[in-house]
Amino acid sequence: MKRSNRKTVLMKLLMLVLVSGMIACTQTKKEPMDKKMKMHAPIPQAAFGPTPSKKGYHVEEIGSGLYWVTEGVYQVMFLTTGEGVIVVDAPPNIGKNILAAIKETTDEPITHVIYSHAHADHLAAASMYPKDAIYIAHEATATRLSQDTPFPYGQFVGGGPVPPPTVTFDDTYTLVVGNQILELAYNGPAHIPGNLFIYAPKQKVLMVIDVIFPGWTPFKWLAVAETVPAFVAAHDWILSYEFETLISGHVGRLGTRKDVEVQKEYILDIQTNAAKAMQIVDFNAIAKKVGYSNIWLLFDTYLNAVDRKCAEMTEKKWIGKLAAVDVFTLSHCEKMVESLRID
Ligand SMILES: [Zn+2]
């Protein structure tokens with residue numbers, strides 16, 4: 001067996017052991033899991049979207065040939081143009097159901113594919129699209145997709161390598177196909193370098209992925225934003241568009257301007273509370289207890305205390321207003337505290 005083959009077989013075995021272990025855990029420890037669920041704040045009704053049909057997905061026209069598809073966790077957009085379909089992203093979690101959703105809507109072939117950003121959980125099923133389609137992305141996305149990684153791209157999210165972009169741009173790009181227009185823009189690293197703002201002026205629909213989470217607290221660590229100040233500023237970048245509907249890439253429902261305003265208030269609260277916590281928590285008092293001999297233990301104890309103080313102050317106001325605030329606010333505080341200290 002070749003060394004690389006042996007490595008792949010070992011990886012697959014390891015995955016199998018992990019997955020079967022997880023299944024065993026959920027089966028034998030059902031009760032503790034239920035108890036854990038009960039310990040967390042209930043999900044507000046406003047966080048839920050349409051229930052996916054028995055087919056496993058929900059597809060709906062937002063307006064004038066612009067559709068969104070979700071399986072309840074991820075979201076994609078596609079447009080019929082009269083000359084071919086434009087589709088944005090390919091999360092493996094929805095996978096071939098995107099093709100099914102398009103097929104039940106139109107006979108037009110897929111001619112254009114847009115990559116919102118380089119993260120595999122949103123792209124790694126793109127090899128299912130036609131090879132001769134035009135693939136459009138920001139230059140930074142193309143660069144990231146071309147880089148060597150220790151493991152194959154998309155492997156851990158159930159997908160695989162994707163077609164490299166055939167059209168790239170640096171700041172703005174207007175895509176006109178048939179009767180549809182999409183204005184693509186790069187306004188800064190709202191989430192990661194190269195993440196696009198995709199605006200449909202006719203339908204007043206804006207698609208920005210992994211920044212806003214309608215009805216929910218963002219995914220862990222400010223949705224793994226690479227540049228915290230840009231993530232914070234991105235709320236205003238989004239509000240500067242004349243959109244009525246936001247396709248945010250995650251959770252089961254569409255977003256509104258109000259959702260963006262609410263999340264902005266929550267994030268600014270985290271920023272304020274992180275700063276307050278740094279003033280309240282007494283570093284010298286902690287150093288007296290922990291000592292200076294293990295400096296990493298000292299900093300870990302201090303920062304944990306700051307993060308917890310920030311989370312405590314934020315959760316008090318926000319539990320019940322956004323879903324899962326008690327799950328991820330502490331991680332947002334960790335990320336914000338680090339950013340305030342060094343950015
Ligand atoms: Zn992402």
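A residue is called buried here if 20 or more other C-beta atoms lie within 10 Å of its own C-beta atom. The legends below describe a predicted model.

**View 1. Buried residues of helix α10.** Under this criterion, the buried residues of α10 are Leu303, Val306, Asp307, Lys309, Cys310, Ala311, Met313 and Thr314. Elements that cover them include α8 (257-280) and α11 (325-342). An α-helix has 3.6 residues a turn, so residues three or four places apart point the same way.

**View 2. The five-stranded open sheet.** The sheet is formed by 5 strands in the order β8-β9-β10-β11-β12, with mixed pairing. Because β8 (172-177) and β12 (245-247) each have a single partner strand, they stand at the edges, and one side of each is left without a neighbour in the sheet. On average, neighbouring strands of this sheet are turned by 20° against each other, direction ignored.

**View 3. Pairing of β11 with β12.** Strand β11 (residues 205-207) pairs with β12 in the parallel sense, over 3 bridges. Valine 205 stands opposite threonine 245 of β12.

**View 4. The protein chain as context.** The protein chain contains 11 helices and 12 strands. Of its 343 residues, 40% count as buried. Among contacts in the protein chain with a separation of 6 or more, 66% join residues 24 or more positions apart.

Methods
Residues numbered from 1 in each chain as written. Predicted model: local features only at pLDDT ≥ 70, side-chain atom pairs only at ≥ 80, totals over all residues. Buried ≥ 20, exposed ≤ 12 C-beta atoms within 10 Å, placed from the backbone. Helix = DSSP H or I, 4+ residues; strand = E, 2+ residues; numbered from the N terminus. Contact = placed C-beta atoms within 7 Å. Pairing = 2+ DSSP bridges. Axes fitted to C-alpha atoms, helices over the stretch in contact; angles between N-to-C directions.
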